[in-house]
Amino acid sequence: MNLPWLDSRLARRGAIARIARTALGVTAVDALLAEHQSSFAAEPLPSGTNIITLFMRGAMSHLDTFDPKPGREEQGETGVIQTKTPGIVFGESMKKLAGMTDKLAILRAVTTQTGAHEQGTYLMRTSYPQINSIRHPAFGAWALHAAGRRPGDLPGYVLVGNGNDHPGSGFLDPALSPVPVADPNAGLENTIRPAYLTEENFERRLSLAEKVDRDFKASYGGNQIEAYDRMYAEAVRLLGSVDLEAFDLSKEPESVRDRYGAGTIGKGCLLARRLVESGVRVVEVEVNGWDMHRELFDELPTKAAGLDKALATLLDDLSERGLLGTTLVVLATEFGRTPKINENAGRDHHPAVFSCVLAGAGVKGGVVHGASDERGHSPDSGGISVADFNTTVAAAAGLPWEKEFHAPNGRPFKIGGGGTPVREVLA
Amino acid sequence: MPTTPPPRPLLVALLVAAACAVVAPSADLAAEANKPAAKRARAAVPFRLPAAVRDAPDGASFAVAPIDRTARDSVRAAAARIDAILAERHARDGVAAPPSLSDSQFLRRAYLDLGGRIPTHDEASAFLASTDPDKRGALVDSLLESPDWVSRFYNVWADTLRLTERPQKNLWSEAYLDWVKRSIAANRPYDEWVHDMLTADGKLWENPAVGYQLRDQGMPLPYVDNTVRVFLGTQIGCAQCHDHPFDAWTQHQFYELAAFTAGTRSGTGGKPEKPVRKEMRKGARADTTDATAKNVRALIAESRKRANANGTKVNNAFTQFLQANGTVVNFRNRELKLPHDYQYDDAKPEEAVAPHVLWGEVPEEARGLDGRAQFAAWLTSRDNPQFARTIANRMWKLCFGVGLVEPIDDFRPDNPPSHPELMDHLAAEMLRLDFDLREFVRIVVSTEAWQRRAIPYDATTGEAFSFAAPSLRRQSAEQLWDSILTLVAHDPWAYERPTGEAFAAAVNLDLSGKNPGWEAAHAAFERYEDSQSPRKTRRQTMQTYGYKGQLLARASELPTPLPLGHFLRQFGQGDRETIDGNRTVATVPQILAMFNGPITHAMLERGSTVVDELAEHDPPQAVDVIFLSVLSRLPDAEDRRLALGEIRGATDRPTGCGNLIWALLNTREFLFIQ
């Protein structure tokens, strides 16, 4: 990728380093610059793979999207559509994706143990069950930890969504937690300094804050304070970035914005493409509203069509820009929904089987792995755990999924949770 | 005293004028120097802060139940008993107590934890200057009977009860939220308050307590799960679907408990049913003999008919208005059956389940009552130890940042309290106080332990917390917002959430008798839209109380959930869909909001509390004023040197003051409660 602003960015970096040094103290700056070295200096990354995850929160129904059961009571009101792959049908809202199954790996027999949103989401994001005695890092934080962030002042990991209930960096360096963007349309907010505030005065303010804080910092330490120290440093660094434009969707032609579609899913996918293009390694787009306990057949068609449009456009767009070969795209959710339709015309939580989709770098397209039974209730063949799924993602992304990493308390963890990757879907 | 040159008239004039234009130092400043100060201020650029918040404060609109000051001795004695239990344990464990809080540190923590905000400059000065030997006790008492306490405590319950104005399209809960606020203001005993919520009947704005049962409308099993979690600190949720080898509860026990409240109905008039959906609704609870539901259905059908005839679309807002008026909570004993896929040997699928409590028994005096009343009586009984323990633990965590049992909704035999003797004592105290939560808090904050410097603590290290002092906490999202608001608004109570009475008057349409007819119903809807509907009132509200798109009101008065990009959400306020959803995780956008966000700009505007405070004091006192206003303390020698250096070294004095205010706001000292 040609990045014409590289020279001015390097010059800018000097300015930021200067500000940060005077304002935040030398150690903070050194820590920042040290991030450019991977913590595993001895292990060069085989592929510079980016990862875009689309996380459908609330539990996306598998039966109305990627694993319908036509002709049965369980089908409900959702029609089906033939895909490019013989014998494989999708829910009728997934029109564009149906025409691209040669690029997709569909996993129809993912299975999990929990039907509770908080626990299911945590498990899918960290590959480990949620327990009180440790905070596991999210997959994206692991990816950065192993592969490092790309050179530049943009963060290595961005979340389009709510950063407060995201596992974040867990027990890893707080700087590996994703920068949350609440609204992809608004981008990263509060990055413009008021006209009256010169850079010199901004520097003075930061420096003053640091000095007034000396007594407090001498008296109190701990993870929380450290995390905020890191965030202050990251914020200053980000403010100095010439690449902040990457967060600005208004820079895209209207035709492109229309192609992706409206709403968080459309805007989020477009933002993800821009960020990956500008050097952000990991992007997660969180989309709420899938928890359809009531009136599912009224709510789902629009939502699924939005997903279809956004994801299909994202894959096409990445391909056109030559990025699909180095970008892994993941579509996931925390669990599935019941084959039996409830008395409010909705479906309830269903951990036993659900669907996820992979595409892009490291993925073999045109594959359907695993099958659910005739009702869509349980895995019939090719059942895989959430850890197996995430380990497959790690393998596709070229991350060291077999390696044992140790938390500060000494416990061993693996990227992807120590599962077995599904060879069938790996390129 | 710092050695500054005696202020010359020109310098004073410049400072006053410039302090009024800190944000945009005017090029005309020198020209203005000859005008008298007051005139200069008035002739300057119009205020950007709305007048309503710049006005002198006239407090909140509601009264708060007074504190019994004569009880102070007994409060101290009760606090001493807690200290004694802790001291014994600390001696055994070899725990050293941190130093006691200075007056400044106590002042700040008391205002934040009991009032939800930092003190104003004048409040801080007054406290620090006071020579009353019991000024700390006096401060605690006055905070606990102030509207600030109500605001603070409301935020706590809003997070736990997932308070939101429109939990579903047909649930208009404004009156319920106001009712929670007023219950706190009246200091309703907790057990009675909970009992009300569990047993109320009627429409949301006629008997607002029904809002609790309606929060999980249409989900009777999660309702039981959530209720047991919040009020009994016990997780039975997994048992909703299956037995689990590690959990104490079986699916059968879950259903036995749920059988008590299975007959709760909300009689919502629904949409006319499409043929295929009617089949799916076999066994649905909608009771078509209910008059209200019938009227709602008829009126919605009429709307549809008229829309078809005119070739227009149905007005969804009107439909929702009808449904909101058609939501009436009532109870009729009803059998609960096991699910169709029940897989265990102890019963058959679809078998009816007899109601049975999880432990203990339904109090004798309640046994003749309906299922819902029996459940409520059992749950809130003084003889149900878990009820008192759960709330005692929650209140302890509110004050100390950590519960004796963690997580606070997961009491289990294999998760015992870290300090069992203290847990027992606190539960007993809760009973002794007849569930007066405010009095309980009053006692806890009067302990020596609470008045010591905070201890950093991370639960995931696996270490137990000593409770020799509170844990070091970041301000909650609401405390932070309210604190910055204190620096902005002379009158932070200018805007308050709508009262339940006002809302009821505007929205109510009686559908319980004869059908009033479509015309009358639609006229009532239009009246509501004109007076109270959020859409219509929002513009007016923002004009009067808004600044750069932000409604300048206390967090407790803002409509929820707020958009994800709002300051409060960025700093961790939950989406009100998760119980106890508030978080204090650090993110970059939070810092950007503190650096450049609208609320920070508001603080530096002419007419803000801190800028006006500066204007009222002579320049040498500027440093003290700023430190007291923002950090609630006086600067030490080094602080003073730095601050004066900044003010003198900056391009001009106002810029220096602005830099100093901003800098103090962006310290960790400001963000955390020590």
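Which residues lie nearest the centre of the largest cavity?

**Entry 1. Conventions**

I worked from a predicted model, in which local features need pLDDT of at least 70 and side-chain atom pairs count only at pLDDT 80 or more, while totals for chains, interfaces and linings use all residues. Residues are numbered from 1 along each chain as its sequence is written, chains are lettered from A and ligands numbered from 1 in the order in which they are written, and side-chain values use heavy atoms, with hydrogens and water left out.

**Entry 2. The largest cavity**

Grid points are joined across faces, edges and corners, and a volume is the space filled by probe spheres set on the points. The count comes to 13 cavities of 30 Å³ or more. The largest cavity has a volume of about 190 Å³. Its lining comprises 17 residues, and A:T53, A:M124, A:R125, A:F139 and A:N390 lie nearest its centre.

I then noted the elements, taking helices (H or I, at least four residues) and strands (E, at least two) as DSSP runs numbered from the N terminus. In chain A, β1 (50-56), α4 (117-126), α5 (139-147), β7 (282-287), β8 (327-333) and α12 (386-396) each supply at least two residues of this lining. By class, the lining of the largest cavity has 11 nonpolar, 4 polar and 2 charged residues; Ala, Val, Leu, Ile, Met, Phe, Trp, Tyr, Cys and Pro count as nonpolar, Asp, Glu, Lys and Arg as charged, and the others, Gly among them, as polar.

**Entry 3. The second largest pocket**

A pocket is an open set of points with protein on both sides within 12 Å along at least five of seven lines. I recorded about 740 Å³ of space for the second largest pocket. Of its 28 lining residues, B:Y495, B:P534, B:T537, B:R538 and B:P559 lie nearest the centre.

**Entry 4. Where chain A meets chain B**

I found 60 residues of chain A in contact (heavy atoms within 4.5 Å) with 74 residues of chain B. The two chains bury about 6,000 Å² between them, 57% of it on carbon and sulfur atoms; buried area is the accessible area (1.4 Å probe) that two parts lose on being put together, summed over both. A:N164, A:Y228 and A:Y232 supply 13% of the area that chain A buries against chain B, more than any other three residues.

I counted 6 salt bridges between the chains (a side-chain nitrogen of Lys or Arg within 4 Å of a carboxyl oxygen of Asp or Glu). A:D213 forms one with B:R668, the closest N and O atoms being 3.9 Å apart. On the side of chain A that touches chain B, β6 (179-181), α6 (199-212), α7 (214-219) and α8 (223-239) of chain A give two or more residues. The largest share, 13 residues, comes from α8(A).

**Entry 5. Backbone of chain B**

I noted a cis peptide bond between B:E406 and B:P407, with omega about -10 degrees. B:P407 is in the loop between α19 (385-400) and α20 (420-432) of chain B. The bond from B:T560 to B:P561 is also cis, with omega near 0 degrees.

Technical notes: 1 Å grid on protein atoms, 1.4 Å probe; cavity = no way out; pocket = protein on both sides within 12 Å on 5 of 7 lines; lining within 4 Å.
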